[in-house]
Amino acid sequence: MATVTFVAYDGTTHEADLVEGESLMEIATGQAIPGIDGDCGGEAACGTCHVIVDNEWISTTGRRTDQEEQMLDMSSECEENSRLACQVVVSDGMDGLKVRLPEFQM
Amino acid sequence: MNSMDGVLDRALASVQDKVQSRVPVDRQVKAAHLMEKAKRLAGMSKPLVFTEAPIPDPADVPLTQIDVSNPFMNRQGQWYPYFARLRDEAPVHYLAQSPFGPFWSITRYDDIRAVDTNPDVFSAEPYIVLGPPPLDIEMFIAMDPPKHDVQRKAVQGVVAPKNLKEMESLIRERVQDVLDNLPTDQPFDWVERVSKEITGRMLATLLDFPYDQRHKLTYWSDTISGTAEGTGGTTHQDDFYEATGELARSFMALWHDKAARREAGEAPGFDLITLMQTSDDTKDLISRPLEFLGNLTLLIVGGNDTTRNSMSGGVLALNQHPEQFEKLKADPSLISNMVSEIIRWQTPLAYMRRVAKKDVHFGGQFIRKGDQVVMWYASGNRDERQFENPDAFIIDRPNARNHISFGFGVHRCMGNRLAEMQLRILWEELLQRFDKIEVIGEPGYVQSNFVKGYETMMVQLTPKSSD
């Protein structure tokens, strides 16, 4: 089974089943991965599904859009590879994708 | 407006521009007050006064005349039926005439989110309530990017989750102290003794404001946010200027005092004033008086009404839905989700206002450049398209977190995590102590179209039996 991995701030890893066509936020909240809230329901409007994409995967997921930037810019934990998980739609080619979580969501 | 009025306004605007950087903020408040008073005495401005009258049922009012800005809507229990009609029949609704001028009402959840996340079309400037504030104070809640981002980033650290973790035990001690001193042998006013007291203590802590004078923060906040012209409230204009002047003087003194203490070698605290003084973007804020005043006012008002009325609202909601209180007592791990549900159910700020920056087609309507657009959060949170059985208070509601009370987009509430933490601690501590929290009679509701809140709420406590 294809999976994606969420690494919590304390280093704990959580594996989730890859569901093609779902966003990373939907995968996380749907499979009870802790640390991702998704308060606005997937509109890049609340900043509560912040993830940091592993370097080797950033070219596959792509970098954040201007809309994501508007929210992420307000987080003190924003990094170069920061994305909003609701804007990363997962495809089969992302089997093994790894993202880290910040210490806090906005 | 007659021509004399226009001359005075222009003179005031030009004076304000010139003196913004040179005259201390309290003197500017005083000057604006004198100007306003002169206009009033000369009969050139007439204060807005609202008189309560029974509000008819929404079905008896022509759609085009529905006015949800009536500041007595909440008190008379009419807001929700009116919003329900607007959501069904005119989700993007235009009112041509109101005491606050013409405005659009946005009442569906999805539409509100669309407006909130589009600052390029819907501007938060120059103010976010229905009517203009008496003074042109500048606050970042009413600024668009990029200026907004700079100012917000400078102060948001004080309520960032990292800082809150440090403060949790202090907040808990202060909540415990409040609760341990409540009477259990007679009813008392929950608003005064609990909601105002806890939020006042919290604000004084965040601002490092003299603790024994913390009640002033509550008074200033209520007075400043309660003008008739701005929100349909009861604040007299003279009281507005006096409160604003007093706030300005106090915080100027606090600012200089803190600067002097730090220069004398005192370790910097992690309070808001220190944060402002040590950030490059805000260290000279004192020399931009209207901005200084604006941002402090914003933080005081923002941290006051909102949490306070959620603290009262939660008690009322559990009284109206007693089976939920039983559910809570059986499973206290539901507190976190209940906190979101309280904030949804209460919606302590009913709306935010925007102004269209250009002509735009929205929701089948044509909104013109310059039109006022009001996003009714209080309605979005009861939108049956988003929340099943929306008027019910359900502490384990699965999508309670999707509530719209914090707003969406760049202006999303900066203190959201602090608010949630305060409410969570309150309920954790309440469950430790009390078996029953009974509301006696009807609460008193605030006269406002903005603050959805309580003036009084009598409560009788029953302590937990000690078996």
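Colleague: Which residues point one way from β2(B), and which point the other way?

Modeller: In a regular strand the side chains alternate between the two faces of the sheet. Here B:Phe103 and B:Ser105 point one way from β2(B), whereas B:Trp104 and B:Ile106 point the other way. All of them are buried; a residue is buried if 20 or more other C-beta atoms lie within 10 Å of its own, exposed if 12 or fewer, and partly exposed in between, with C-beta atoms placed from the backbone. The names follow DSSP runs numbered from the N terminus: helices are H or I runs of at least four residues, and strands are E runs of at least two. This is a predicted model, in which local features need pLDDT of at least 70 and side-chain atom pairs count only at pLDDT 80 or more, while totals for chains, interfaces and linings use all residues. Residues are numbered from 1 along each chain as its sequence is written, and chains are lettered from A and ligands numbered from 1 in the order in which they are written.

Colleague: What is the order of the open sheet of 5 strands in chain B?

Modeller: Two strands pair if DSSP finds at least two bridges between them. The order is β1-β2-β8-β5-β3 in chain B, and the pairing is mixed. At the edges are β1 (92–95) and β3 (122–123) of chain B, each of which pairs on one side only. The strands β1(B) and β2(B) run antiparallel and are joined by 4 bridges, with B:Leu95 opposite B:Phe103 of β2(B). By contrast, β2 (residues 103–106) and β8 (residues 372–376) of chain B run parallel, joined by 3 bridges. There, B:Trp104 has B:Val373 of β8(B) as its bridge partner.

Colleague: Which strands does α4(B) touch as it packs on the sheet?

Modeller: Helix α4(B) touches β1, β2, β3, β5 (351–356) and β8 of chain B, and its direction makes about 130° with that of β8(B). Two residues are in contact if their C-beta atoms, placed from the backbone, lie within 7 Å. Axes are lines fitted to C-alpha atoms, for helices over the stretch in contact, and angles run from 0 to 180 degrees between N-to-C directions.

Colleague: At what angle do α7 and α13 of chain B pack?

Modeller: Two packed helices are described by the angle between their axes and the distance between the axes. For α7 (residues 190–207) and α13 (residues 305–320) of chain B, the angle is about 140° and the axes are 8 Å apart. Helix α7(B) is therefore oblique to α13(B): angles under 35 degrees count as roughly parallel, over 145 as roughly antiparallel, 65 to 115 as roughly perpendicular, and the rest as oblique. The crossing is right-handed; a crossing is left-handed if the near helix is turned anticlockwise from the far one by less than a right angle, and right-handed if clockwise. Among the contact residues are B:Trp190 and B:Val194 of α7(B) and B:Met311 and B:Val315 of α13(B). The contact divides into 6 nonpolar, 4 polar and 2 charged residues. Ala, Val, Leu, Ile, Met, Phe, Trp, Tyr, Cys and Pro count as nonpolar, Asp, Glu, Lys and Arg as charged, and the others, Gly among them, as polar.

Colleague: How is the crossing of α6(B) and α17(B) described, right-handed or left-handed?

Modeller: The crossing of α6(B) and α17(B) is right-handed. The axes of α6(B) and α17 (residues 416–433) of chain B come within 9 Å and cross at roughly 35°. Residues that meet include B:Leu164 and B:Ile171 in α6(B) and B:Met421 and B:Ile425 in α17(B). By class, this contact has 10 nonpolar, 2 polar and 5 charged residues.

Colleague: How many residues of chain B are in contact with chain A?

Modeller: Chain B places 18 residues in contact with 14 residues of chain A. At least two residues each come from α4 (109–116), α5 (147–155) and α6 (161–180) of chain B. The largest share of this side of chain B, 3 residues, comes from α5(B). By class, the side of chain B that touches chain A has 5 nonpolar, 5 polar and 8 charged residues.

Colleague: Where is the place of A:Val89?

Modeller: A:Val89 lies in the loop between β4 and β5 of chain A. It counts as partly exposed because it has 14 C-beta neighbours inside 10 Å. Leaving aside residues up to four places away in sequence, A:Val89 touches A:Gly21 and A:Ser23.
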